[in-house]
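Please look over the sequence and the model below before reading on. The paragraphs that follow lead from the whole chain to some of its parts.

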Amino acid sequence: MTRTRTSLSALQRPLRGLLLGLALVCAGFAANAQSIGRLNLQQGTVSVSSAGDDRWSAARPGRELGAGDRIWTDRNARAEVYIGPAALRLDGGTYVEFTGIDEDTIRINAGRGNLQLSVRDMASGQRISIDTPNLSAVIGAPGEYRIAVDEADTTTTWAAVASGHLTLRGQNGISQLLTGRQQTTVSGRNLTTVRTTRSQNSSFDTWVAERGRYDDPVRYAQPAVAVPPAALIARQQQIEYEQARQQAQWMEQQRAAQAAQQQQLEWQREQDWRQQQEWRQRREWRDRAEQDRWQQQQQLQLQLQQQQRQALRQQQEMQQRAAQAQALQQQQLLQQQQAAQMQLQQQRAAQQQALAQQQMLRQQQELQQRTAQMQQQAQAQQQALQQAQLRALQQQRGTPPQPGQPAGDDPRRLWTSPDSRQ
């Protein structure tokens, strides 16, 4: 597919060169008959390059700048260019290309750097367009304007309006209007606002203010174009034809160089793609190895955790068994103690019962003895009573008792009446 495109491009190159040469011959005189700007002042090293020429040369004040001409200010250098009704002032490290003039628009391409544009007067419908890498700033009214392209990030542009109005245009119809005393910093073709504090170049601001005091509206006017004679017109056409042919050759060389560069870029992209594929494959391998290693580590950790849990469970079971055995031993010991206490209580109860029996027996014996004593005492009292009764009876009868005779007769007779004794 790439070879087919290359062969078609090779066949189209002569036709494109011929058509381009004819177009340049027809439009060359009209384009060069009127210049876009004129270098009015320079400070430091300022270089210019003509359209279609890669060589740079030292700039000289008063040089006319046409379509395709470029200007570059070295660091710490400055330049002032009169463009119709405006004065364009460039700070050091600024690159500007004068693109061309349309029906009502002067186009300037600002690749990088810091520039200031002072517009004194503009005709109705006339505009000045300043293109940066990420936007197009369109000036449609007199005023003071500042535009700066970030050196570190060329897709970021700072725009400020002291007076007048400036329209910032991006892609897909996106636009933003700035009026007097407004400024903004945008990034990308979508005009995304960037909230950053831009470092001001006080020396450039001072130089711009000084140049503004010396502004003369007459200086901005372009000199009238004199009508040349026929010979000069023919010579000019021949020169323009040669310039157009040289420019066509140069453009053909540029296309060839671009094609080679494109092939180199495609080869480089392919190499980069292969390197990315290899790097992605290596990364996948490394990720897989790391994932496998991580899975192995996870498995080992799981196994270790399972072993630890199992060991802990076994230890807990052993502790439970030991606790149960200890509890059983304590229970058995408690039962033994309770049995011993019961035996001791039984022994104590038996001893108490024996003591009670002995005490009861002793009490019975003492009661028997007391009973026997009481019986003896009662018998003795009875005998004494009988003897006393017998004495009393004998005293009543008047018969003293015989010595050696018992004190009375049968006791039973003492209780009987005399009638019963007869």
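In this account a strand is a run of at least two residues that DSSP assigns as E, and strands are numbered from the N terminus. The model shown is a predicted one. With these terms, the chain holds six helices and 17 strands. Of its 422 residues, 23% are buried. Its accessible surface comes to about 29,400 Å², and carbon and sulfur atoms account for 49% of that surface.

One may begin with strand β12, which covers residues 143–149. Six of the seven residues in β12 are buried, so the strand is mostly covered, given that a buried residue has under 20% relative accessible area. Two other strands pair with β12. Strand β9 (residues 105–119) runs antiparallel to β12 and is joined to it by seven bridges; here N114 of the chain stands opposite A148 in β12. Strand β13 (residues 156–163) also pairs with β12 in the antiparallel sense, over six bridges. In that pairing, Y145 stands opposite V161 in β13. Six residues lie between β12 and β13, and the two strands form a hairpin.

The largest nonpolar core has 38 residues, and I71, L88, F98, I128 and I139 touch the most other members. The greatest contribution to this core comes from β9, with six residues. What does I128 touch, not counting residues up to four places away in sequence? Its partners are A86, I106, I108, L117, V119, M122, A137, V138 and I139.

N172 is not a glycine, yet its phi is positive, at about 60°. This residue lies in the loop between β14 (166–169) and β15 (175–178). N172 is exposed, because its relative accessible area is 72% and the cut-off for exposure is over 50%. R181, likewise a residue other than glycine, has a positive phi near 60°. The loop that holds R181 lies between β15 and β16 (182–187). R181 also counts as exposed, with a relative accessible area of 80%.

Strand β16 contains T184. Is T184 buried or exposed? T184 is buried, because its relative accessibility is 9%. Leaving aside neighbours within four places in sequence, T184 is in contact with T157, W158, A159, L168, Q176, L178 and T193.

The last element to consider is helix α2, made up of twelve residues, 202–213. From its first C-alpha to its last, α2 reaches 17 Å, close to the 16 Å expected at 1.5 Å a residue. Which residues of α2 are buried? They are F204, W207, V208 and R211. Seen down the axis of α2, these buried residues fall within an arc of 100°, and therefore they line one face of the helix.

Note on methods. Residues numbered from 1 in each chain as written. Predicted model: local features only at pLDDT ≥ 70, side-chain atom pairs only at ≥ 80, totals over all residues. Heavy atoms only, no water. Buried < 20%, exposed > 50% of the residue type's maximum accessible area, 1.4 Å probe, protein only. Helix = DSSP H or I, 4+ residues; strand = E, 2+ residues; numbered from the N terminus. Pairing = 2+ DSSP bridges. Areas by Shrake-Rupley, 256 points an atom, 1.4 Å probe, with all protein chains shown as cover. Contact = heavy atoms within 4.5 Å. Core = buried A, V, L, I, M, F, W, Y, C linked by side-chain atoms within 4.5 Å. Expected span 1.5 Å × (residues − 1). Arc of directions from axis to C-beta.
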